Amino acid sequence: MEQDLQWLISVDDHIIEPPNVWVDRASAADRDRVPHVERIDGVDTWVYEKHRATVMGILVAAHQQPDDYSPLPVNYDELPKVYYDPTARIPDMDEDHVIAGLNFPFFPRFCGQVFSQVQDRELGLKCLTAYNDYIIDEWCGAAPGRYIPMIIVPLWDTALAVAEVHRCADKGAKAIAFSENVHALGFPSIHSGEWDGFFAAANETKMPLCTHIGSSSVSPNTSPDAPFGVQSVNIGLNLAHSTTDWLFSGKLQKFPDLKIVLAEGGIGWIPYLLERAEHVAAEYRYLRANNWTVDPATMRMSAIATDPAIFPESPRQLFRDHIYGCFIEDEFGAANLDYIGVENVMIETDYPHTDSLWPRSLEAALKSLEGRSDADKYKVLQGNARRVFNFEPAPYPVAK
């Protein structure tokens, strides 16, 4: 057990896709149409239909000091390979005592929503499957046991999403990136029933749905002229809204093996949310027969009949059975693990973004867990991730 406490599994890291991911997999006729990098006005720019993106310095900041962080773009010939090459990254992981990591996409966005926001959906599907093949076969395949394979799915067609889940499960995928709020992306909500086939596929394959802050393409703000700090603080609460959505959706009862992993939102808000949800479930009994809504035109309240079966008897127990929070540093959350559930919390490092503590992620995690038993520490550091993702990491590297 002592050796186990010297390594962690990060369930929220990030890759920067190399420029050749889609070009190498495209037909000659499509190479100018798939995501590719062009140098525009001296800046390496990802180009795909209307979408444009550059690699901002704050996304590749692991080797910098805070005073050096910059939102300015960085070109690939200036970029250390650790950010876009899976083999080159391994020494950084070893230095940070990360035995394995799960990586969210860069250009496709956190749940692959870019491929749903294009005119040519047929080409979008080809690009999406190419990304998944790259992640499973090349990124994770370059260092077996060091990366947890996570895929994206075609959000615009649940039948295609189901097919892609099963295709990638057969290839060894262990997780699915999903939106914190698909309704905000212009698709039916999780309450609509339109996603039930997809949820059934995730339930069957036992692949968790990993929802990263920002995966709804919405950043909460109070006013157009509010300072950026307002969004920076509040965006983590997107996952609080998402969690409530799941708890009162009825889907967690319907799909008993469905698991939801909440990335980069911290865990300190969870005790309040669960306490409030328990209060609503216990005291607002009239909600079991009616779903109270407000007409935005008249601001009048009305009641719409709903299925009482979806109303949770115990939101806290539903959370314990299905939902997992993650943190980098979270003093309040770590001090309240018993209320949250020590089996429901995992560590993330956010490498290589500015929130990352590289190369002292393990040090910070152990400090947060001071006073806990070794068994609890192991669960949070890596035991829970092994179980939730059904993942066995590579043997620990031999100490130098």
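**View of the second largest cavity, in whose lining helix 6 holds the largest share, three residues.** The model is predicted, so local features need pLDDT of at least 70 and side-chain atom pairs count only at pLDDT 80 or more, whereas totals for chains, interfaces and linings use all residues. Residues are numbered from 1 along each chain as its sequence is written, and side-chain values use heavy atoms, with hydrogens and water left out. Helices (H or I, at least four residues) and strands (E, at least two) are DSSP runs, numbered from the N terminus. On a 1 Å grid over the protein atoms alone, a cavity is a set of points where a 1.4 Å probe fits but cannot get out, a pocket is an open set with protein on both sides within 12 Å along at least five of seven lines, and lining residues have an atom within 4 Å of a point. A volume is the space filled by probe spheres set on the points, which are joined across faces, edges and corners; for the second largest cavity this comes to about 50 Å³. The lining includes Ser 242, Asp 245 and Trp 246, together with Phe 178, Glu 180 and His 183. By class it has four nonpolar, five polar and two charged residues, where Ala, Val, Leu, Ile, Met, Phe, Trp, Tyr, Cys and Pro count as nonpolar, Asp, Glu, Lys and Arg as charged, and the others, Gly among them, as polar.

**View of Ala 240 in helix 6 (residues 238–247).** Seven of the 10 residues of helix 6 are buried, so this helix is largely enclosed by the rest of the structure; buried means under 20% relative accessible area, exposed over 50% and partly exposed in between, with a 1.4 Å probe and protein chains only. Among the buried residues of helix 6 are Leu 239, Thr 243 and Leu 247, and Ala 240 is itself buried because its relative accessible area is 10%. Leaving aside neighbours within four places in sequence, Ala 240 is in contact (heavy atoms within 4.5 Å) with Trp 269 and Leu 273. The C-alpha atom of Ala 240 is separated by 9.9 Å from that of Gly 266, 26 residues apart along the chain.

**View of the largest cavity, which holds about 70 Å³ of space.** The structure has four cavities of 30 Å³ or more. Helix 1 (86–95) and strand 5 each supply at least two residues of the lining of the largest cavity, which includes Arg 89, Asp 92, Asn 103, Tyr 147 and Trp 358. The lining of the largest cavity divides into five nonpolar, three polar and four charged residues.

**View of the largest pocket, with a volume of about 1,300 Å³.** Of the 44 residues that line this pocket, Phe 110, Ile 213, Ile 235, Glu 264 and His 353 lie nearest its centre. Two or more lining residues come from each of strand 4 (51–53), helix 5 (228–234) and strand 13 (323–327), and helix 5 gives the largest share, four residues. The lining of the largest pocket consists of 21 nonpolar, 15 polar and eight charged residues.

**View of aromatic pairs, of which the structure holds 20.** Trp 46 and Phe 107 form a stacked pair, 5.3 Å centre to centre with 25 degrees between the planes. This pair links distant parts of the chain, 61 residues apart, since Trp 46 lies in strand 3 (residues 43–48) and Phe 107 in the loop between strand 5 (98–104) and helix 2 (121–139). Both Trp 46 and Phe 107 are buried. The rings of Phe 199 and Phe 255 form an edge-to-face pair, because their centres are 6.2 Å apart and their planes lie at 65 degrees. Phe 199 belongs to helix 4 (residues 196–205) and Phe 255 to the loop between helix 7 (251–254) and strand 10 (260–263), so the pair ties together parts 56 residues apart in sequence. Phe 199 and Phe 255 are both buried. Rings of Phe, Tyr and Trp (its six-membered ring) pair if their centres lie within 6.5 Å, and planes under 30 degrees apart count as stacked, over 60 as edge-to-face and the rest as tilted. Trp 46 and Phe 107 also belong to one aromatic cluster with Trp 22, Tyr 48, Phe 115 and Tyr 131.

**View of cysteines in a structure that holds zero disulfides.** A disulfide is here a pair of cysteine sulfur atoms within 2.5 Å. The sulfur of Cys 127 is too far for a bond, because the closest cysteine sulfur, in Cys 168, is 15 Å away. Cys 127 counts as buried at 2% relative accessibility. Cys 326 is likewise in no disulfide, with the nearest cysteine sulfur, that of Cys 210, 7.8 Å away; at 0% relative accessibility, Cys 326 counts as buried.
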